[in-house]
Amino acid sequence: MENLQAGDARYLKRRVKGCSLDVHPTEKALVVQYEVEATVLGELGEPMVGERKECQKIIRLKSLNANTDTSSLAQKVVDECRLIHPSKLREVEQLLFYLQNRKHPNDNQEKRRISPRDFAPYAGVELDEEASISRVDEYVELLYEGIQEKIRGATLIFQLARNPDNLEELMQNEAALGALARVLREDWKQSVDLATTITYVFFCFSSFSQFHGLVTHFKIGALCMNMIEHELKRFDLWQEELQKKKSAYEELPENLNLKKEHEKSLRKYQSLLVKQEQLLRVALCLLLNLAEDTRTELKMRNKNIVHMLVKIVDREDKELLLVVVSFLKKLSIFLENKNDMAEASAVEKLSRLVPCDHPELLSTTLRLLLNLSFDTSLRSQMVQAGLVPKLSCLLADEAQRQLSMCILYHISMDDTFKSMFADAGCIPQLMSLVFDCGDEIDVELISLCINVAANKSNAAVMCEGNGLKMLMKRALKRKDVLVMKTIRNLSQHNGPTKNLFLDHVGDLAAQINEDEAEEFVIECLGTLANLTIPDLDWALVLEEYGLVPYLKDRLKPGSAEDDLILEVVIMIGTVSMDDSCAAMLAKSGIIPALIDLLNAQQEDDEFVCQIVYVFYQMVFHKATRDVIVNETQAPAYLIDLMHDNNAEIRKVCGNTLDIIAEYDEEWGRKIQTEKFRWYNSQWLEMVENRQMDEGGEPFLFGDDGDALDRADLFYTPDGIISADGAVSPDFYTDFQSGDLGPAGYMSSVSDPFMSPAQMATDRPVSAYGFRPDSENFFYNFSTSSR
């Protein structure tokens, strides 16, 4: 109504409308809800400006008890309260009768309060009197007296604020709130008791979002930040002073005065510490409530709230620590705050709280660590702080098991830390949990097992006793893909662990059929493909379980998912180490199928690398080598791939072509020609350009024709390969002594005449299970940021 000129208005007309009655939820009182309609009338009585406002009045009935005459009291209420129309007399009487008979809690049962925890008043703020909402003005007057009177007035107002039903009425009293804010701003350094009590009052308001504007209006949040910073500095001074007196006493232990002075200072320090931590706790609770608004939280972060909180983690008070860790957990979801925690060494300080005898604090700490464990550097700090064995111990605690398992899972993602699990003693617990599960295994549990199994030391522990047997039994009985992933990771380690799989080859091979789910078959194939065991008769396995037709059919492009086809190729590469298996595969027509697949998947480096590796294995055996060299264009494909951009493909191609060149003179000449062209491409290009430039000049090297057609310019296999194709003993002697030199056919392979079983470890590093940096672990499970 600010636009209304003073001379324009004649008078203001007010009217009360829509009066309704109800009982107070906790007190002996009636609540009157009504609406006030205010209208400003002009000179001629016409309405100019109108406004409506909803109001509430509470009629407290202190005299109401079991013997009260409700009819008389109802008449008195109607007579004295002009808001209630006489026609509502009967309704008032019924409400009074309800209040008279309503059951109340026992006198010793405390009403519902809002507090960070139960507020335990300490000496100086403990009062015997009970506050009344009708005497608020008296309590406000005490705020203008001395410190003790201010503490008493603030404590009485705090008693009222602890009851949420009084907050609405207190908010209407701007004088009371303004006085509290002023006293807190001016006197908080003079009395910790006063600062704590007034902060508690505003904390009660901050517990409800609708009152955050009020708390912000009085700038209580900024004031709390200042108080926390000041108290942390005081704490450092106290500790420094106490340390000085302790050092003085330790230097002269026979001086009783120094001993007494130290003991006195220690008692005073402990007393001050209790009060300071009470203030810190309520101030942080208030800030935590205000941090619901991310803009307010950002202001706190700019004032270094994270470093303050991390500094308080060194304290011993469990309730204060609970507030601090809860605050850090909320802040940790933002990258900037997480970086601040890393800078302040938060993980190292939090590690001392794991484990602790406060279940809620322990749970909150684990949730904070889980949020931080998404960062690689912080996971490293967790390991350095010794959290792996601590978290392993918590697996036995059902209440903390899932959180501990999730953090361990994140740590297990780093290859560097996998070996620590064998020494932490958690693997037997994990295995026990897997075996004790019913139909469903927790995804966090089995995911951790999958990652842990990728380490050789862990795998040995997991397979101890009947470990592998029990895992196989569960995987095959329930067709559990994730358990089979664990088994697959176990199978990739050379040594005694791999030999344990000899007893389960038949069980795995029996799963390779069209009736099983593709995901499960993929894991079974991958496990079998890892079993590069010299004593394993692959020919017998392929024949007994009829696997050759299945493998051949799956090599057709589009016959199955690419993942399954790739596993089939890897499986063929493994069984091709066996001479009889290689012959069986050659007769079945698998080699042309591989050529067709190579054409179809030539853009996929993983497929190309594994198919070339199969050729590499097959050229060791005469039956398959003759098929590859004489009946297919595989050598031509290999020559084309010899200079591929992928280093692994180049390596396997070079090794394979070197072996082919040793056994086939014609292909050996072609391969050497291509190598000569490639390694001397710049020189050949220069020669060709010079020929074009100089026209009729004689050839630089005379008239002997094309240099590439002169056999005497090439290394010949004379003396290396005999007429019947066998390798001469002289070659072995020269090769082992290093006399063959880098220009020989075998320049790109370290030992081309190793047995297929020995060469198994040289499988392309991109093969599943052989690549240390591959994504062959199950990371794909969701967890909420705690």
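Author: Helices here are DSSP runs of H or I with at least four residues, strands are runs of E with at least two, and both are numbered from the N terminus. By that rule, residues 605-618 form helix α35, and Val614 lies in it. The model is predicted: local features need pLDDT of at least 70 and side-chain atom pairs pLDDT 80 or more, while totals for chains, interfaces and linings use all residues. Residues are numbered from 1 along each chain as its sequence is written, and side-chain values use heavy atoms, with hydrogens and water left out.

Reader: How many helices and strands does the protein have?

Author: The protein has 41 helices and 3 strands.

Reader: Is Val614 buried or exposed?

Author: Buried means under 20% relative accessible area, exposed means over 50%, and partly exposed is in between, with a 1.4 Å probe and protein chains only. Val614 has 0% relative accessibility, so Val614 counts as buried. Across the 786 residues of the protein, 48% count as buried.

Reader: Which residues is Val614 in contact with?

Author: Contact means heavy atoms within 4.5 Å. With neighbours within four places in sequence set aside, Val614 is in contact with Val569, Ile572, Gly573, Ser576 and Leu594. One of these, Gly573, is found in helix α32, residues 562-575. Gly573 is buried because its relative accessible area is 0%.

Reader: How far apart in space are Val614 and Thr574, C-alpha to C-alpha?

Author: They are 8.0 Å apart in space and 40 residues apart in sequence. Gly573 and Tyr613 are also 40 residues apart along the chain, with their C-alpha atoms separated by 6.5 Å. For the protein, consider contacts with a separation of 6 or more: 70% of them are between residues 24 or more positions apart.

Reader: Which residues touch the most other members of the largest nonpolar core?

Author: A nonpolar core is a set of buried Ala, Val, Leu, Ile, Met, Phe, Trp, Tyr and Cys residues joined through side-chain atoms within 4.5 Å. The largest one holds 207 residues, and Leu284, Ile305 and Phe615 touch the most other members. Not counting residues up to four places away in sequence, Ile305 touches Met225, Leu284, Leu287, Met300, Phe327 and Leu331. A second core of 21 residues is separate and includes Cys19, Leu30, Val32 and Val78.

Reader: At what angle do helix α22 and helix α25 pack?

Author: Two packed helices are described by the angle between their axes and the distance between the axes. Axes are lines fitted to C-alpha atoms, for helices over the stretch in contact, and angles run from 0 to 180 degrees between N-to-C directions. Helix α22 (residues 427-436) and helix α25 (residues 467-478) pack at about 30°, with their axes 11 Å apart. Angles under 35 degrees count as roughly parallel, over 145 as roughly antiparallel, 65 to 115 as roughly perpendicular and the rest as oblique. The two helices α22 and α25 are therefore roughly parallel to each other.

Reader: Which residues in α22 and α25 meet?

Author: Met431, Val434 and Phe435 in α22 meet Gly467, Met470, Leu471 and Arg474 in α25.

Reader: What is the angle at which α38 and α39 cross?

Author: Helix α38 (residues 647-663) and helix α39 (residues 665-679) cross at roughly 135°, and their axes come within 6 Å. That angle makes α38 oblique to α39. On the α38 side, Leu657, Asp658, Ile660, Ala661 and Tyr663 meet Glu665, Trp667, Gly668, Ile671 and Lys675 in α39.

Reader: Where is Pro355 placed?

Author: Pro355 is in the loop between α15 (346-350) and α16 (359-372). The peptide bond joining Val354 and Pro355 is cis, with omega about -5°.

Reader: What is phi of Ser345?

Author: Phi of Ser345 is near 55°, a positive value in a residue other than glycine. Ser345 lies in the loop between α14 (335-343) and α15. Its relative accessibility is 30%, so Ser345 counts as partly exposed. Lys479, which is not a glycine, also has a positive phi, of about 50°. The loop that holds Lys479 runs between α25 and α26 (481-490). Lys479 counts as partly exposed because its relative accessibility is 35%.
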